[in-house]
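Okay, thanks everyone, I'll keep this quick. Have a look at the model on the screen, and then I'll talk you through one bit of it before zooming out.

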Amino acid sequence: MNTSDPTRHASVVPPVDHRAAVAAETARFVATVRDADLATAVPGCPGWTLADLVKHTGSVQRWFSVLLRTRIQEPPRTREVDLQLPEREDAYADWLAESATVAAEAFAATDPDLPMWAWGVDQHARFWARRMLFETLLHRADAELALGLRPAIDRSLAVDGIDEFLVNLPFATFFAPKVADLRGPDRTIRFRTTDGDDTWLVRLRPDGFGLDPAADTADATVRGTAADLLLLVYGRLPYRAKSLAHEGDEGLLDHWFANSAF
């Protein structure tokens with residue numbers, strides 16, 4: 001499934017099968033936490049432990065699966081879901097693996113092109129598989145970082161994940177209210193990969209922000225591998241990290257990153 005966005009100039013990357021990738025990323029997550037101390041703090045999610053991270057990710061997978069099975073056509077009025085969460089935390093890893101099975105069953109029963117309500121741009125069932133993938137991938141990376149590991153992120157997934165984040169971010173204010181503060185007097189930020197020629201340019205306007213495929217210059221630029229840029233946009237890396245390079249208006253970058261992560 002190729003979901004590259006026309007607002008982005010990009011090198012050729014393999015198409016992403018979001019449904020298969022959910023299963024693969026969940027398996028990696030499970031392997032990471034199975035023998036870990038689930039009381040370990042997660043720096044990427046302040047106040048959370050690994051147990052909280054696993055519970056959140058499995059809950060998201062099971063909730064999104066309910067949305068797919070019910071083919072929702074309007075915003076859900078409740079998030080009540082039978083999570084079947086085990087009482088003992090030492091069973092959480094197996095429960096997370098089962099959550100991916102629940103998701104796979106929902107995917108198999110749902111045409112990805114089925115029109116559905118979604119909080120983002122793409123009003124089809126495929127939105128939820130793509131969103132589930134990056135919830136899972138990011139929190140798998142959070143778990144690895146919490147355990148002192150360096151996350152390995154497939155480049156094609158990272159490129160798709162940056163797209164997914166930037167395309168949908170303007171619509172995220174209902175759960176990330178700081179996004180409403182991403183305004184500016186016609187100021188632009190470019191994100192550019194160093195392991196390809198992928199580039200995204202965001203324009204901040206007085207009334208909002210969004211991707212701008214026509215702009216040639218930027219007021220600020222951040223460069224890095226696709227994997228590091230994915231961690232950057234989600235607030236897991238600072239733009240001043242050694243693995244990244246930046247130039248231009250640092251005040252603009254500070255404003256962006258103070259209000260964009262979720």
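So, let's start with a pair of residues: T188 stands opposite R203 in β2. Keep in mind that this is a predicted model. The strands involved here are β1, residues 187-193, and β2, and they pair in the antiparallel sense over six bridges. To get from β1 to β2 you go through a hairpin of five residues.

Now, β2 has another partner too. Strand β3, residues 208-211, runs antiparallel to β2, with four bridges joining them. L204 is the one to click on here, as it stands opposite F209 in β3. The hairpin that joins β2 to β3 has two residues.

And how many residues of β2 are buried? Six of the seven, so to speak, in the stretch 199-205, and that makes the strand mostly covered.

Okay, zooming out. The protein chain has seven helices and five strands, and along the sequence they come as α-α-α-α-α-β-β-β-β-α-β-α. The radius of gyration is 18 Å, close to the 18 Å that the globule rule gives for 262 residues, so the chain is as compact as a globular protein of that length. The C-alpha trace spans about 50 × 40 × 35 Å along its principal axes.

Of the 262 residues, 51% are buried. Take contacts between residues at least 6 apart in sequence, and 67% of them join residues at least 24 apart. On charges, there are 28 positive and 39 negative, and their mean positions sit 2 Å apart.

Technical notes. Residues are numbered from 1 along each chain as its sequence is written. This is a predicted model: local features need pLDDT of at least 70, side-chain atom pairs count only at pLDDT 80 or more; totals for chains, interfaces and linings use all residues. Side-chain values use heavy atoms; hydrogens and water are left out. The radius of gyration is taken over C-alpha atoms; the globule rule is 2.2 Å times the number of residues to the power 0.38. Buried means under 20% relative accessible area, exposed over 50%, partly exposed in between (1.4 Å probe, protein chains only). Contact means heavy atoms within 4.5 Å. Lys and Arg count as positive and Asp and Glu as negative; His and the chain ends are not counted. The place of a charge is taken as NZ of Lys, CZ of Arg, CG of Asp or CD of Glu. Two strands pair if DSSP finds at least two bridges between them.
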